[in-house]
Amino acid sequence: MSKIGSPDGRFGFSLVRRGYDRKQVDAYVERLSPAGPPAEPPAFDVARRGYDRQQVDAYVEELRARRSPGE
């Protein structure tokens, strides 16, 4: 997995004043299987000192784009 942004966050996501809940994002990324992410995009809560929303959205979209049809 490639890291995005500064190394402040657990998965390399930058921490911002108001961003996605870190625990929710961490749990989502940890449970991804080698086959790819779920078909539906995740819905994360916004929290203080969370992960940068644009970085997380771009990462999740990249994972979803890699997923081949029929998997």
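This is a predicted model: local features need pLDDT of at least 70, side-chain atom pairs count only at pLDDT 80 or more; totals for chains, interfaces and linings use all residues.
Trainee: OK, switching to the fold. Which elements does the chain have, and in what order?
Mentor: You'll find two helices and two strands. Starting at the N terminus, they run β-α-β-α.

Trainee: What about the largest nonpolar core, how many residues are in it?
Mentor: It has 13 residues. Those with the most contacts inside the core are Phe13, Val25, Val29, Phe44, Tyr51 and Val56. At least two core residues come from each of strand E1 (15-20), helix H1 (22-30) and helix H2 (53-66).

Trainee: Which element gives the most to this core?
Mentor: H2 does, with four residues.

Trainee: Now the rings. How many aromatic pairs are there?
Mentor: Four in the structure. One of them joins Phe13 and Tyr51 in a tilted arrangement, 5.3 Å centre to centre with 55° between the planes.

Trainee: Where do those two sit in the chain?
Mentor: Phe13 lies in the segment before E1 and Tyr51 in strand E2 (residues 46-51), so the pair links distant parts of the chain, 38 residues apart.

Trainee: Are Phe13 and Tyr51 buried or exposed?
Mentor: Both Phe13 and Tyr51 are buried. Ring pairs also bring in Tyr59, making a cluster of Phe13, Tyr51 and Tyr59.

Trainee: Last one: among contacts between residues at least 6 apart in sequence, what percentage join residues at least 24 apart?
Mentor: For this chain it's 66%.

Methods:
Residues are numbered from 1 along each chain as its sequence is written. Side-chain values use heavy atoms; hydrogens and water are left out. A nonpolar core is a set of buried Ala, Val, Leu, Ile, Met, Phe, Trp, Tyr and Cys residues joined through side-chain atoms within 4.5 Å. Buried means under 20% relative accessible area, exposed over 50%, partly exposed in between (1.4 Å probe, protein chains only). Rings of Phe, Tyr and Trp (its six-membered ring) pair if their centres lie within 6.5 Å; planes under 30 degrees apart count as stacked, over 60 as edge-to-face and the rest as tilted. Contact means heavy atoms within 4.5 Å.
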